[in-house]
Amino acid sequence: MKTFRVAVLSGVAGVLALGTGYMAFADAPAGPVSPIYGVGLPEGYRDWPLVAPAQEAAPLDELRVVVANPTALHAYRQNVRPFPDGSVLVKLAWKHEQSPDFAPASIPGAATTVQVMVKDSKRYAATGGWGYGRFINDQPADEAQHQTCYACHSSRVKDRDYVFTRYAQ
């Protein structure tokens with residue numbers, strides 16, 4: 001009987017270990033990831049709520065929107081800083097064009113980039129707790145572009161937990 005219990009307990013432990021490994025693997029990004037940070041495009045991000053729109057002047061001439069996962073959106077709404085681990089912000093950008101239907105209006109043109117910030121204070125301790133990803137046509141930009149992310153955020157908005165975008169209420 002004792003041997004049977006050991007065998008059953010060993011089997012249960014094996015299943016739990018396999019399940020734990022599966023969960024760790026399931027948390028990993030499904031598609032390509034950014035160099036340096038290993039950040040991928042989050043599943044379903046295009047359905048996330050709007051944080052704020054923005055218009056970028058020349059030379060980029062872009063229209064941009066930032067969306068947030070529920071953790072980051074809650075932090076915005078409750079004015080919680082620093083953002084809690086698990087916060088994810090995504091910026092979608094398009095070339096800025098004049099509307100052919102209404103001259104004073106601007107409309108999105110060709111898509112340019114999708115940029116991602118993921119808060120994980122342990123994994124990204126060296127970069128203020130944030131990991132970055134910049135994607136063009138769903139593929140990560142090169143390492144040189146990713147080397148500019150933290151430097152830009154830390155030089156301009158370190159006092160706002162490295163986040164440029166303010167919540168548009």
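Tutor: Buried means under 20% relative accessible area, exposed means over 50%, and partly exposed lies in between, using a 1.4 Å probe and protein chains only. This is a predicted model, in which local features need pLDDT of at least 70 and side-chain atom pairs count only at pLDDT 80 or more, while totals for chains, interfaces and linings use all residues. Residues are numbered from 1 along each chain as its sequence is written, and side-chain values use heavy atoms, with hydrogens and water left out.

Student: How many salt bridges are there in the whole structure?

Tutor: A search of the whole structure gives three. A salt bridge is a side-chain nitrogen of Lys or Arg within 4 Å of a carboxyl oxygen of Asp or Glu.

Student: Which residues are linked in a network?

Tutor: Salt bridges connect Glu56, Glu62 and Arg64 in a network. Arg64 pairs with Glu62, with 2.7 Å between the closest N and O atoms, and the side chain of Arg64 also meets that of Glu56 at 3.4 Å, N to O.

Student: Why does Glu56 count as partly exposed?

Tutor: Glu56 counts as partly exposed because its relative accessibility is 30%.

Student: And Arg64, buried or exposed?

Tutor: Arg64 has 13% relative accessibility and therefore counts as buried. Glu62, at 5%, also counts as buried.

Student: New topic: what does Lys119 form a salt bridge with?

Tutor: Its partner is Asp161, and the closest N and O atoms are 2.9 Å apart. This pair links distant parts of the chain, 42 residues apart: Lys119 is in strand S4 (residues 106-119), and Asp161 is in the segment after helix H3 (143-157). Helices (H or I, at least four residues) and strands (E, at least two) are DSSP runs, numbered from the N terminus.

Student: Are Lys119 and Asp161 buried or exposed?

Tutor: Both Lys119 and Asp161 are buried.
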